[in-house]
Amino acid sequence: NEWNNAGTGHAALCELNYTVEKPDGSIDISKAININEQFQVSKQFWSYLVDSNLISNPQDFIMPLPHMSLVQGEQDVTFLKKRFEAMSNNPLFQGMEFSDDPKKLTEWLPLVMSDRASNEPIAATKIDTGTDVNFGALTRMLFDHLKNQNVDINYKHSVTDIKRTSDGLWELKVRNLDSGTVERHTAKFVFIGGGGGSLHLLQKTGIPESKHIGGFPVSGLFMVCNNPDVVEQHHAKVYGKAKVGAPPMSVPHLDTRYIDNKKSLLFGPFAGFSPK
């Protein structure tokens with residue numbers, strides 16, 4: 001669902017955890033290059049689907065949007081400048097700009113810079129080739145295409161057990177949540193998608209990769225602002241830097257989102273907790 005993620009087209013344009021500072025002070029951008037190349041392949045695949053008339057109206061799921069990184073404090077400003085210099089030399093990150101001038105930053109980020117005390121060093125990078133992706137809309141388009149290929153998609157079905165049969169196949173126990181009936185299906189190959197609930201299924205398979213993995217009860221929750229006066233003052237995805245020792249999901253965001261052709265602002269994350 002589109003509200004369950006930040007909608008960022010992850011191309012390592014603004015996510016600082018993809019560029020690590022090495023002990024000698026240089027910046028390793030190899031992970032950022034790898035992430036960007038993967039996203040280029042995704043965009044090529046989506047372009048192919050549009051060109052082949054397999055999906056239409058790409059603006060329903062992808063919009064151009066500047067991606068920015070914003071840091072505060074002398075140490076992080078130095079890091080961002082070094083990161084910018086390392087990335088600017090690579091054609092994948094062409095057009096990236098850096099500024100530590102509060103006037104320029106106010107042009108780029110009026111909402112963020114409003115009423116901010118100017119005594120602390122602050123800097124940002126900006127690149128206009130970023131995207132906002134409505135992954136929910138994209139998934140629905142892809143699933144509609146699969147239905148046209150006579151692929152059955154079952155919603156409201158819960159896989160409650162999975163085990164290996166003597167002939168090496170997988171047997172799944174599936175409960176229909178509407179009727180309560182239970183069916184068993186056998187398959188050569190089973191793909192378990194992402195999400196916390198998938199861990200239990202993975203563990204029921206008994207495969208070695210399922211060992212020593214646990215769910216973590218803390219999540220990141222985002223708030224949404226739909227006030228048009230506020231929304232109009234910001235046009236970018238802005239990623240900050242997680243505090244030392246904090247998990248990567250605590251990176252602060254202020255993100256423009258396009259959902260159902262409506263522009264809104266998403267901000268956070270705040271800590272969520274689930275006892276499940």
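Mentor: A cavity is a set of grid points where a 1.4 Å probe fits but cannot get out. A volume is the space filled by probe spheres set on such points. Keep in mind that this model is predicted.

Trainee: How much space lies in the largest cavity?

Mentor: The general idea comes before the number. Rolling a probe the size of a water molecule over the atoms shows where empty space is left. Here the largest cavity holds about 30 Å³ of space. The search of the whole structure finds one cavity of 30 Å³ or more.

Trainee: Which residues line the largest cavity?

Mentor: Its lining consists of Asp161, Ile162, Lys163, Glu171, Leu172, Lys173 and Arg184. Strand 8 (157–164) and strand 9 (170–176) are the elements that give two or more residues to this lining. Sorted by class, the lining has two nonpolar, no polar and five charged residues.

Trainee: Which element gives the most to the lining of the largest pocket?

Mentor: Strand 11 does, with five residues. The lining of the largest pocket as a whole divides into 28 nonpolar, 19 polar and three charged residues. For the second largest pocket, the volume is about 550 Å³. Its lining has 22 residues, and Leu70, Gln72, Gly240, Lys241 and Pro252 are the closest to its centre. Strand 4, helix 2 (74–88), strand 12 (237–239) and strand 13 (253–259) each give two or more residues to it. By class, that lining has eleven nonpolar, six polar and five charged residues.

Trainee: Now the strands. How should I read the directions in which side chains point?

Mentor: In a regular strand the side chains alternate between the two faces of the sheet. Take strand 6 as the case: Ile122, Ala124 and Lys126 point one way, while Ala123, Thr125 and Ile127 point the other way.

Trainee: Are the residues of strand 6 buried or exposed?

Mentor: The cut-off for buried is under 20% relative accessible area. Six of the six residues of strand 6 (residues 122–127) are buried, so the strand is largely enclosed by the rest of the structure.

Trainee: Which strands pair with strand 6?

Mentor: Strand 4 (residues 67–72) pairs with strand 6 in the antiparallel sense over six bridges. Gln72 stands opposite Ile122 in that pairing. Strand 5 (residues 97–99) also runs antiparallel to strand 6, joined by three bridges. There, Ser99 stands opposite Ala124.

Trainee: Which strands are joined to strand 14?

Mentor: Strand 11 is joined to strand 14 by seven bridges, and the two run antiparallel. Leu221 stands opposite Phe270 in strand 14. Strand 13 and strand 14 are likewise antiparallel, with seven bridges between them. Asp255 has Leu266 of strand 14 as its bridge partner. The hairpin of strand 13 and strand 14 has two residues between the strands, and Asp260 takes a positive phi near 55° in it.

Trainee: How do I read burial in a helix?

Mentor: List the buried residues, then look down the axis. In helix 6 the buried residues are Ser198, Leu199, Leu201 and Thr205. They fall within an arc of 160° about the axis of helix 6, so they line one face of the helix. These buried residues pack against strand 8 and strand 9. Gly206 follows helix 6 and has a positive phi, near 75°.

Trainee: How many helices and strands has the chain?

Mentor: The chain has seven helices and 14 strands. Of its 276 residues, 36% are buried.

Conventions
Residues numbered from 1 in each chain as written. Predicted model: local features only at pLDDT ≥ 70, side-chain atom pairs only at ≥ 80, totals over all residues. Heavy atoms only, no water. Buried < 20%, exposed > 50% of the residue type's maximum accessible area, 1.4 Å probe, protein only. Helix = DSSP H or I, 4+ residues; strand = E, 2+ residues; numbered from the N terminus. Pairing = 2+ DSSP bridges. 1 Å grid on protein atoms, 1.4 Å probe; cavity = no way out; pocket = protein on both sides within 12 Å on 5 of 7 lines; lining within 4 Å. Nonpolar A, V, L, I, M, F, W, Y, C, P; charged D, E, K, R; others polar. Arc of directions from axis to C-beta. Contact = heavy atoms within 4.5 Å.
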